[in-house]
Amino acid sequence: RPAVVWFRDDLRVADNPALDAAVRSGRPVVCVYLWDDVSPGLRPPGAAARWWLHHSLVALDAELRARGSRLLVRRGAAESELKALIAELDAAALFWNRRYGGAERAIDAAVKSAAREAGLDAGSFGANLLFEPWTIRTGAGTAFSVFSPFWRACLSAPAPRMPLPTPGGFPTAGLPDGLRIDDLGLLPTRPDWAGGLRDAWEPGERSAHTDLARFVRDDLARYRDDRDIPGVDATSRLSPRLRWGELSPHQVWHAASAAREHDPGVADSAAVFLSELGWREFAYHTLFAHPDAATVNIHRQYDAFPWPRLHPGALHAWQRGRTGIPLVDAGMRELSTTGTMHNRVRMVTASFLTKNLLIDWRLGEQWFWDTLVDADPASNPFNWQWVAGSGADAAPYFRVFNPELQRTKFDPHGDYVRRWVPEWDGLDYPEPVVDLAETRRAALAAYDTVRAST
Ligand code: FAD
């Protein structure tokens with residue numbers, strides 16, 4: 001009787017504890033992916049994320065085929081689909097790696113108890129975080145709300161385990177009917193807008209490892225100094241790999257730590273890089289404590305914020321990179337073309353939307369959700385709330401980035417802006433949609449309402 005491995009945000013064969021447990025059980029292994037667009041509360045991936053998911057599933061299937069297996073793809077509500085699959089296969093075991101969103105946890109808990117009632121060996125594993133949320137707690141037993149003590153607590157907890165060995169071939173069972181990955185309809189068709197994504201990325205576990213090795217070898221040493229300069233490719237670009245689980249954070253952690261041991265010269269840079277992985281952990285721990293963080297202010301006093309009536313033209317100009325503010329437009333165009341944006345520019349564009357255009361952070365979060373290949377259920381809401389001032393350890397609301405000063409500081413020669421806004425210094429470039437100083441004052445006045453309500 002086979003063991004079923006249910007793949008979700010862990011599209012890899014290496015360092016995959018659920019797959020490892022199934023292989024070690026000695027049973028035939030069935031690997032399944034369920035496209036669940038039915039269960040209530042699940043947030044459907046946005047368009048760019050669906051593009052990534054399609055290709056990552058294709059790559060996972062190829063890795064499994066190289067091991068004598070393949071990926072069974074089904075569609076429907078997870079609970080009922082799994083029940084049916086277990087009956088069809090007469091499976092004896094069901095394994096998966098944990099997810100941390102509210103709706104996901106509820107589904108997984110229901111699946112686990114139903115499987116155990118049916119006499120299956122059902123097991124879930126920690127695979128996609130370095131530290132499980134319930135293991136990192138304040139002295140009072142609550143979740144941390146400030147990053148620095150959170151990260152100190154992580155660093156003094158038991159170190160993240162070593163990555164598991166990559167499985168070779170393993171026995172598989174005869175598979176029942178499934179769908180082709182194409183049948184899920186994850187790719188854009190009319191129009192096919194994904195050309196820029198194809199040029200920028202190669203999804204899949206194999207290229208993820210190539211990217212990780214290249215980053216550690218070539219760029220880690222200068223990460224600390226150059227990571228804030230959008231015109232220089234000095235960051236790892238590993239975020240979609242981690243989002244979709246093509247790499248585990250343990251693999252990334254140990255690759256950077258090993259480089260630090262070999263070359264003390266990269267120690268400072270490696271520590272900064274690892275603390276960025278720490279922000280990812282912090283975002284997930286925050287989601288665990290605040291499951292509705294994508295829609296609800298973490299600091300509820302921000303519910304009183306008087307977002308003005310939406311001026312759709314301003315939102316549209318921001319989305320299309322036509323605001324007349326060069327760094328903002330460069331970032332938004334990079335996003336639409338490649339499905340990513342440099343972190344510094346994400347902060348600037350988000351600040352501009354919420355504090356100069358006075359548009360509710362949820363609308364910006366939704367746009368990023370739809371356009372980022374790394375659109376992440378924890379990191380995206382977390383960072384939007386951080387910029388807006390309503391989130392965990394947030395930037396204080398009155399810290400309004402000036403996008404022109406940010407440009408002269410971080411893109412002094414205009415390398416980044418010119419790459420994305422070639423018409424910048426010409427006559428075709430639009431006038432700014434708002435006056436930066438005036439809108440800053442309006443934002444601060446609106447913020448007084450929040451202060452007055454506390
Ligand atoms: P590196 O600088 O190489 O960092 C290494 C890894 O650390 C990243 O791959 C990522 O997994 C993690 N990381 C770095 N910074 C952060 C951060 N601030 N928060 C959480 N994790 C971090 N990141 C996402 O993965 N998905 C999102 O949907 C997302 N939305 C964002 C929205 C806004 C408004 C802002 C300001 C930031 C957002 N980020 C998001 C965080 C960050 O911008 C990206 O993780 C980073 O730009 C990815 O590039 P990199 O892999 O080269 O990062």
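## Domains

The C-alpha centres of domain 1 and domain 2 sit 26 Å apart in this predicted model. By the automatic or database assignment, domain 1 covers 1–127, domain 2 is made of 129–162 + 205–289, and domain 3 takes 300–453.

Where do domain 1 and domain 2 meet? Contacts link 17 residues of domain 1 with 16 residues of domain 2. Sorted by class, the domain 1 side of that meeting has nine nonpolar, five charged and three polar residues.

## Overall build

Now for the chain as a whole. The protein chain has 19 helices and five strands, and its C-alpha trace spans about 70 × 50 × 45 Å along the principal axes. Its radius of gyration is 23 Å, which agrees with the value near 22 Å that a compact globule of 454 residues would have.

Of the 454 residues, 46% are buried. Looking at contacts with a separation of 6 or more, 79% come from residues 24 or more positions apart.

## A closer look at α1

Helix α1 runs over residues 17–24 and is mostly covered, with seven of its eight residues buried. Those buried residues are Pro17, Ala18, Leu19, Asp20, Ala21, Ala22 and Val23.

What covers them? The cover includes four strands: β1 (3–7), β2 (29–35), β4 (93–97) and β5 (121–125). After α1 comes Gly26, which has a positive phi, near 80°.

Terms used: Residues are numbered from 1 along each chain as its sequence is written. This is a predicted model: local features need pLDDT of at least 70, side-chain atom pairs count only at pLDDT 80 or more; totals for chains, interfaces and linings use all residues. A residue is buried if 20 or more other C-beta atoms lie within 10 Å of its own, exposed if 12 or fewer, and partly exposed in between; C-beta atoms are placed from the backbone. Helices (H or I, at least four residues) and strands (E, at least two) are DSSP runs, numbered from the N terminus. Two residues are in contact if their C-beta atoms, placed from the backbone, lie within 7 Å. Ala, Val, Leu, Ile, Met, Phe, Trp, Tyr, Cys and Pro count as nonpolar, Asp, Glu, Lys and Arg as charged, and the others, Gly among them, as polar. The radius of gyration is taken over C-alpha atoms; the globule rule is 2.2 Å times the number of residues to the power 0.38.
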